[in-house]
Amino acid sequence: MLDRYIMAIEWGSTSLKMIMALHTKHGFNIEDVQSIPYKSIKEGVEWTDIEALGPLLAGAISRFRKSADGRLESILGVPGYYTGIAENSCKIDIAGSVVGQEHIYSAIDRCSQYNLPDDWSIMQVLPRLYRLDGQYTNKEPIGIRGHELDLNSSLICVNQTFVTQLTDILVQHGIYIDYIRPTLLSSGSVFLTEAQRFSGSILIDIGEKSTDIIVYRDRVPIFSEWFPVGGHNITNDISIGLDLPYEEAKRLKKRCVVGEIPLDSSLEYVKQIAEMRIEEIFQLIKDSIASSNTVDMEGCSAVVLGDGIAHIRGVRSFASNILGCDVKVDKTSDAGLYALINDHVSKSMSYQEVEDKSNIQIIKDKIINWVLELFNK
């Protein structure tokens, strides 16, 4: 395997974050990183302002490429606001034939014929359940004779306007993106176990200004949603409620413990304010999943990550009581960026490179330690 540089870009709600790593047969090394807060560009610039942020991203990528001597694979993480999941089922007649790969491809192609709004497109078709002559299976029924093949699938969709507008700006600067992947999809692959994805699980990523959720069942994502609320709203509520500067409110938020009587009585009001906003966020998540009718909350599990809320003490049991399911909290800082690069490296490794699964864990540990060191200074 030739040495290669890999760059992942997370288009976050409050900043652009990029990581570059050198992947060799001997391991994986972090080479460079950048985190560019939008407020450092111009006051009031929002993450949806592609015209303002596109050239900034192009400049950052150019610097990365220069240090990588041109050998650079780039992965753009599409934020949850610009991604979605649709469900589609199709049926093909195989006329008593033995099911072959060509029949699977035909069914997938049929499922991809799905009408979306003009500014949206299908990025990937993920088969979930097959049914051959009435018999269900979540595996390809290759080699079995039948007459009618049904396929239920999840369609991973992206807002093509966002992708086209951003990539056009980058092309104007001589930059081409190699891979485009929804950040949520990478996060689900990295932070949920295969068992969780199979039995039914929810990944909840709460950032500073947005919350993304993705629901898995039968190993496949079946529902996603985005909410314009996050950790910033908790801090802002504390700032307004106590008439404090924003940074002081942020410091107090980290000290409070939700769901418990505070040892320091001066934090009681901070706790109450934080709990009201956190309850609102998780109630939005619960209601959204209930209306989607995708999983039974009592029978599934949830993983919460994201810098907006994961570091607040007591949030695990507090969220569990609201959602009505088992909740785990992953405190990996800047989880989306970590997920994008780890997911890409893991999927692109050959069997020989991952025959010892501890190699992947070493990669994960290196990135986690590096991210913690960078963003927790």
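Seven bridges join β11 (211-217) to β12 (220-227), and the two strands run antiparallel. Helices here are DSSP runs of H or I with at least four residues, strands are runs of E with at least two, and both are numbered from the N terminus. Within this pair, T211 stands opposite F227 of β12. This is a predicted model, in which local features need pLDDT of at least 70, side-chain atom pairs count only at pLDDT 80 or more, and totals for chains, interfaces and linings use all residues. Residues are numbered from 1 along each chain as its sequence is written, and side-chain values use heavy atoms, with hydrogens and water left out.

The loop between β11 and β12 holds R219. R219 has a positive phi of about 75 degrees, although it is not a glycine. Its relative accessibility is 38%, so R219 counts as partly exposed. The classes are buried (under 20% relative accessible area), exposed (over 50%) and partly exposed in between, with a 1.4 Å probe and protein chains only.

β11 and β12 belong to an open sheet of five strands. The order is β12-β11-β10-β13-β14, and the pairing is mixed. Two strands pair if DSSP finds at least two bridges between them. β12 and β14 (326-329) stand at the edges with a single partner strand each, so one side of each has no neighbour in the sheet. Neighbouring strands are turned by 20 degrees against each other on average, direction ignored. Helix α9 packs on this sheet and touches β10, β13 and β14. The direction of α9 makes about 150 degrees with that of β14. Such angles run from 0 to 180 degrees between N-to-C directions, with axes fitted to C-alpha atoms, for helices over the stretch in contact.

Now the interior. In soluble globular proteins, nonpolar side chains tend to be buried together. The largest nonpolar core here has 38 residues. A core of this kind is a set of buried Ala, Val, Leu, Ile, Met, Phe, Trp, Tyr and Cys residues joined through side-chain atoms within 4.5 Å. I204, I278, F282, I285, I309 and L323 have the most contacts inside this core. Elements giving two or more residues to it include β10 (201-206), α6 (231-242), β13 (301-305) and α9 (315-323). α8 gives the most, with eight residues.

What is I204 in contact with, leaving aside its neighbours within four places in sequence? Its partners include T211, D212 and I213, F282 and I285, A302, V303, V304 and L305, and L323. Contact means heavy atoms within 4.5 Å. A second, separate core has 33 residues, among them L57, L76, I175 and W226.

The loop between α8 and β13 contains N293. N293 also has a positive phi, about 55 degrees, and is not a glycine. At 69% relative accessibility, N293 counts as exposed.

Next comes an open sheet of four strands, ordered β5-β8-β6-β7 with antiparallel pairing. β5 (83-93) and β7 (135-137) are its edge strands, each pairing on one side only. The twist averages 35 degrees from one strand to the next. Between β6 (residues 120-132) and β8 (residues 148-159) there are 11 bridges. W120 has N159 of β8 as its bridge partner. Helix α2 (residues 101-111) lies across β5, β6 and β8, at about 130 degrees to β5.

A cavity is a set of points, on a 1 Å grid over the protein atoms alone, where a 1.4 Å probe fits but cannot get out. A pocket is an open set with protein on both sides within 12 Å along at least five of seven lines, and lining residues have an atom within 4 Å of a point. Grid points are joined across faces, edges and corners, and a volume is the space filled by probe spheres set on the points.

There is one cavity of 30 Å³ or more. The largest cavity has a volume of about 60 Å³. Its lining includes T83, G84, I85, I156, C157 and P182. β5 supplies the largest share, three residues. α4 (183-191) supplies at least two. Eight of the nine residues of α4 are buried, among them L184, L185 and F191.

The largest pocket has a volume of about 1300 Å³. Of its 49 lining residues, T14, S15, K17, E208 and D307 lie nearest the centre. α7 gives the most to this lining, with five residues.
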